[in-house]
Amino acid sequence: MISPAYAQAPGAGAGDIFGMLFPLILVFVIFYLLVFRPQQKRMKEHQAMLDAVKRGDTVVTAGGIIGKVVRIGTDGELKVEIADGVQVRVLKSTITDVRGKGEPVKGDTSKDKEDAPAESGANGDKTAA
């Protein structure tokens, strides 16, 4: 009628707690490796890209506006030219991509060579200089 009660050995519950917590700990480790670590790496790369923005770079803002950096402010703002004579101020943090690197500001003679008119050949067609 009445079954006898048996006492558990001391410390038997400690292994049981570890067995219950091990899958939970494993899920957190996998989540860290697959989500948090790559996100931190992307944030560091984005910050390095923002720190490397200089005058003449072609940038894309979070709103999708593409323009050329005209001036870099000290307070985290950039002045970006989006059309001829149209300049807007944008926050540096809203830059999502740097598409083209700008040319050096001073001493750049390569642009003058590209803009030089092509010479005409003997038969009237244009040839490169």
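Predicted model: local features only at pLDDT ≥ 70, side-chain atom pairs only at ≥ 80, totals over all residues.
Strands β1 and β2 come first. Strand β1 spans residues 58-61 and strand β2 spans residues 66-72. The two run antiparallel and are joined by three bridges. Thr58 has Lys68 of β2 as its bridge partner. Four residues lie between the strands of this hairpin. Gly64 takes a positive phi there, near 90°.

Strand β2 also pairs with strand β3, residues 77-83. The sense is antiparallel, and the pairing extends over four bridges. Val69 is bridged to Val80 of β3. The hairpin of β2 and β3 has four residues between its strands. In its turn, Gly76 has a positive phi of about 80°.

Strand β3 is joined in turn to strand β4, residues 86-91. Six bridges connect these antiparallel strands. Glu81 has Gln87 of β4 as its bridge partner. Two residues separate β3 from β4 in their hairpin. Gly85, in the turn, has a positive phi of about 80°.

The largest nonpolar core contains nine residues. Its members are Leu50, Val53, Val59, Val69, Leu78, Val80, Val90, Ile95 and Val98. Strands β3 and β5 (95-100) each give two or more residues to this core.

Val69 belongs to this core and has Val80 as its bridge partner in β3. Beyond residues up to four places away in sequence, Val69 touches Val53, Val59, Leu78 and Val80, among others. Other contacts of Val69 include Lys54, Arg55, Gly56, Asp57 and Lys79.

Note on methods: Residues numbered from 1 in each chain as written. Heavy atoms only, no water. Pairing = 2+ DSSP bridges. Core = buried A, V, L, I, M, F, W, Y, C linked by side-chain atoms within 4.5 Å. Buried < 20%, exposed > 50% of the residue type's maximum accessible area, 1.4 Å probe, protein only. Contact = heavy atoms within 4.5 Å.
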